[in-house]
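Me: I have a model open and want to check the labels attached to it. Please set each value against its definition.

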Amino acid sequence: MVAVKKDKINGDSLGTGRRKSAVARVRVRPGSGQIVINKRPLEDYFPIEQDRRQLTETLEFAGCAKNVDVIITVRGGGPTGQAGACKMGIARALVSHDMATFPALRDGGALTRDSRMKERKKYGLHGARRGTQFSKR
């Protein structure tokens, strides 16, 4: 189950999404279906159709694409990681907005945390796993 988080001042539903090194803070409030990311419209922030579709699919799974406004602040990572973080943040915020959306979002895979991250570099190696080149002489 996802914890229900609400803003104490204006009652917005809150959600946090993470993917790779990107973190998205999402607010969902009743509205007309507008999506704003870092004070820019969705089409300006995510020019790639695949990234935009991730966000809109999450709203369509829940069935509230036209009756909620989404405000997102996202930092870190690249465009695809940020889109994945936004997707998860929207899903969590929608669940705290309306608990009835939980089964649809869970079945759609929007609430599942993708844990794949960059592996850290180890000492004595050139990268995470690459060793030194063998020299016969």
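Me: Why is C64 called buried?

Reply: The relative accessibility of C64 is 9%. Buried means under 20% relative accessible area, exposed over 50%, and partly exposed in between, with a 1.4 Å probe and protein chains only. C64 therefore counts as buried. The model is a predicted one: local features need pLDDT of at least 70, side-chain atom pairs count only at pLDDT 80 or more, and totals for chains, interfaces and linings use all residues. Residues are numbered from 1 along each chain as its sequence is written, and side-chain values use heavy atoms, with hydrogens and water left out.

Me: How do you know that C64 is in no disulfide?

Reply: A disulfide is a pair of cysteine sulfur atoms within 2.5 Å. For C64 the nearest cysteine sulfur belongs to C86 and is 16 Å away, and C64 is in no disulfide. A search of the whole structure finds zero disulfides.

Me: Is C86 buried or exposed?

Reply: C86 has a relative accessible area of 0%, so C86 is buried.

Me: What makes T58 buried, and which residues is T58 in contact with?

Reply: T58 has 0% relative accessibility and therefore counts as buried. T58 lies in helix α2, residues 49-62; helices (H or I, at least four residues) and strands (E, at least two) are DSSP runs, numbered from the N terminus. Contact means heavy atoms within 4.5 Å. Leaving aside neighbours within four places in sequence, the contacts of T58 are K87, I90, A91, L94, L105 and A110.

Me: Why are β1 and β2 called paired strands?

Reply: Two strands pair if DSSP finds at least two bridges between them. Seven bridges join β1 to β2 (residues 22-30), and the two run antiparallel. G17 stands opposite A24 in β2. The two strands form a hairpin with two residues between them, and K20 in the turn has a positive phi of about 55°.

Me: How many bridges link β2 to β5?

Reply: Eight bridges link β2 to β5 (residues 68-75), in the antiparallel sense. R29 has D69 in β5 as its bridge partner.

Me: What lines the largest pocket?

Reply: The lining has 13 residues, with R19, Q54, G84, K87 and D114 nearest the centre of the pocket. Lining residues have an atom within 4 Å of a point of the pocket, which on a 1 Å grid over the protein atoms alone is an open set with protein on both sides within 12 Å along at least five of seven lines. β1 (13-19) and α3 (79-97) each give two or more residues, and α3 gives the most, with four.

Note on methods
1 Å grid on protein atoms, 1.4 Å probe; cavity = no way out; pocket = protein on both sides within 12 Å on 5 of 7 lines; lining within 4 Å.
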